[in-house]
Amino acid sequence: CSLDRSDVMKRRYKDAVETRSLYKFENEYFSGHKICKMRSMSTLRRMAKRIMKNPPRIVAHRGEYYGGRYLSYQCDDGIFLARNQREYLTLTHELVHAMGYDYHDSAFVKKYFSLLTKVFRLNKQDLVTAARKYGVSI
């Protein structure tokens, strides 16, 4: 069974909306939070090992230019952290992608919030309540 063009377009639109909602939530909810404090690469690599048994390679990189700024990203070769995003929140976000959650859908968000709760002791209900206000898929 193959997807027709309208199904593909609906999925792309849904992906774009979920991504924008999650990014807006991250940028606004965590603004000024200690989880967003810039860290050294060695500190981030140590944290990655606490979060994930065999983390991918974590590299200081300029990032991908998107929407007027450089952003971190994850691909098969590792996690590439842009200078302005070398902090725990972005690291955790990219590690969730490395765990196989490619889209910013409810499965991604559940895993992401689970890690933020477990590793950084954030209140899960507070995260869920705030994320819903931004339209994040939960």
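Modeller: Read along the sequence, the pattern is α-α-β-β-β-β-β-α-α-α. Helices (H or I, at least four residues) and strands (E, at least two) are DSSP runs, numbered from the N terminus. This is a predicted model, in which local features need pLDDT of at least 70 and side-chain atom pairs count only at pLDDT 80 or more, while totals for chains, interfaces and linings use all residues. Residues are numbered from 1 along each chain as its sequence is written, and side-chain values use heavy atoms, with hydrogens and water left out.

Biologist: How many helices and strands does the protein have?

Modeller: The pattern along the sequence is α-α-β-β-β-β-β-α-α-α. The secondary structure therefore comes to 5 helices and 5 strands.

Biologist: What is the radius of gyration, and how does the globule rule compare?

Modeller: The radius is taken over C-alpha atoms, and the globule rule is 2.2 Å times the number of residues to the power 0.38. For 138 residues the rule gives 14 Å, and the protein is close to that, so it is as compact as a globular protein of that length. The radius of gyration is 15 Å.

Biologist: What share of the 138 residues is buried?

Modeller: Buried means under 20% relative accessible area, exposed over 50%, and partly exposed in between (1.4 Å probe, protein chains only). Of the 138 residues, the buried share is 39%.

Biologist: Among contacts between residues at least 6 apart in sequence, what percentage joins residues at least 24 apart?

Modeller: Contact means heavy atoms within 4.5 Å. Among the contacts between residues at least 6 apart, the share joining residues at least 24 apart is 54%.

Biologist: Which residue forms a salt bridge with lysine 14?

Modeller: A salt bridge is a side-chain nitrogen of Lys or Arg within 4 Å of a carboxyl oxygen of Asp or Glu. The closest N and O atoms of this pair are 3.1 Å apart. The partner of lysine 14 is glutamate 18.

Biologist: Is glutamate 18 buried or exposed?

Modeller: Lysine 14 is partly exposed at 42% relative accessibility. Glutamate 18 has 6%, so it counts as buried.

Biologist: Where do arginine 11 and aspartate 15 lie?

Modeller: Their side chains meet in a salt bridge, N to O 2.8 Å. Arginine 11 is partly exposed at 32% relative accessible area, whereas aspartate 15 is buried at 14%. They are 4 residues apart, about one turn, and both lie in helix H1 (residues 5-29).
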